[in-house]
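Please view the sequence and the model side by side while reading.

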Amino acid sequence: GSLAPAGLRGADHEHLRIPGAGRSSCGTQAALPRVKVPDTSWDFLTREESDTLIAAARDDEERALLMFALRTGARAGEQLALRWGDIDWQKRMVVFRRSSTQGNVGPTKSGKERRVAMTEGLVEALRRIKHLRGDLVFCRMDGKPLTIWQLHERLWSACRRAGLRKMRWHDLRHSFASQLVSGGVSIRQVQEWLGHSTITMTMRYAHLAPGGGAQLIQRLESPVAVANTWQKQSG
């Protein structure tokens with residue numbers, strides 16, 4: 001999974017200008033054609049690679065930081081803005097209510113709240129880092145917010161120690177979705193957990209579904225009916 005050129009990073013697609021376009025043959029200004037280029041640069045970790053990455057964490061806080069992204073599919077901004085009050089310990093759920101972009105906190109990308117169940121391992125990892133430095137779950141020692149650069153620094157350092165390839169923080173979100181789909185979780189459920197407004201974005205993971213639907217297609221026919229049909233023809 002090589003990284004995309006800088007112009008394609010951090011977005012699902014970009015609108016690119018066509019060289020030479022922009023003026024008509026008579027020299028007047030013409031509407032520029034817009035071409036959508038899909039993001040083909042995303043990478044993801046397998047479950048085994050994810051476990052290796054988490055094991056390479058330097059301390060409990062870094063372990064929880066990496067595990068949270070891999071186990072909830074949170075966007076970087078959502079993780080940076082996460083508060084302790086967003087965690088429902090009783091129901092073992094995390095509620096994404098806001099996102100941080102360059103230090104500015106606002107609503108999530110979809111503008112809606114969403115809930116994601118937490119694994120037992122993640123619950124334990126978060127309990128281990130419960131602190132009194134402030135409301136933010138993931139923060140600096142003085143309680144101030146982390147930056148996206150600090151997230152990447154921790155990720156890249158862990159990747160080096162784990163012997164894994166370098167990847168973007170957003171690829172941990174891709175890993176969450178890819179592992180769920182390859183494990184047989186429905187695309188619709190993954191869409192809900194990711195917070196995609198349409199299923200089109202989630203369909204990028206569909207090819208990872210086990211069997212490619214080969215087993216599911218058999219539900220169109222009754223095994224008994226098929227057997228009877230062939231017995232009649234052979235008789």
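In this predicted model, strand β3 (residues 87–88) runs antiparallel to strand β4 (residues 93–96), and two bridges join them. Strand β4 is also joined to strand β7 (residues 114–117), again in antiparallel fashion, by four bridges.

- Between β3 and β4 lie four residues, and the two strands form a hairpin.
- Arg92, in the turn of this hairpin, has a positive phi of about 55°.
- On the β7 side, Phe96 faces Arg114, which belongs to β7.

**Met93**

- Met93 is a residue of strand β4.
- Beyond its neighbours within four places in sequence, Met93 has contacts with Asp86, Ile87 and Asp88, and with Arg115, Val116, Ala117 and Met118.
- Met93 and Thr119 are 26 residues apart along the chain, and their C-alpha atoms are separated by 8.9 Å.

**Ser50**

- Helix α1 (residues 47–55) contains Ser50.
- Ser50 has a relative accessible area of 1% and is therefore buried.
- The Ser50 side chain makes a polar contact, at 2.8 Å, with the side chain of Gln179.
- Setting aside residues up to four places away in sequence, Ser50 touches Leu45, Leu70, Arg71 and Gln179.

**The second largest pocket**

- The volume of the second largest pocket is about 360 Å³.
- Its lining consists of 14 residues, and those nearest the centre are Arg71, Thr119, Phe176, Gln179 and Leu180.
- Two of the residues nearest the centre, Arg71 and Gln179, are also touched by Ser50.
- Thr119, likewise nearest the centre, is the residue whose C-alpha atom is separated from that of Met93 by 8.9 Å.
- At least two lining residues come from each of α1, α2 (60–72), β7 and α6 (170–182).
- Sorted by class, the lining holds seven nonpolar, four polar and three charged residues.

Terms used: Residues are numbered from 1 along each chain as its sequence is written. This is a predicted model: local features need pLDDT of at least 70, side-chain atom pairs count only at pLDDT 80 or more; totals for chains, interfaces and linings use all residues. Side-chain values use heavy atoms; hydrogens and water are left out. Two strands pair if DSSP finds at least two bridges between them. Buried means under 20% relative accessible area, exposed over 50%, partly exposed in between (1.4 Å probe, protein chains only). A polar contact is a pair of N or O atoms within 3.5 Å; within protein, one must be able to donate a hydrogen and the other to accept it, and residues adjacent in sequence count only if both atoms are side-chain atoms. Contact means heavy atoms within 4.5 Å. On a 1 Å grid over the protein atoms alone, a cavity is a set of points where a 1.4 Å probe fits but cannot get out, and a pocket is an open set with protein on both sides within 12 Å along at least five of seven lines; lining residues have an atom within 4 Å of a point. Grid points are joined across faces, edges and corners, and a volume is the space filled by probe spheres set on the points. Ala, Val, Leu, Ile, Met, Phe, Trp, Tyr, Cys and Pro count as nonpolar, Asp, Glu, Lys and Arg as charged, and the others, Gly among them, as polar.
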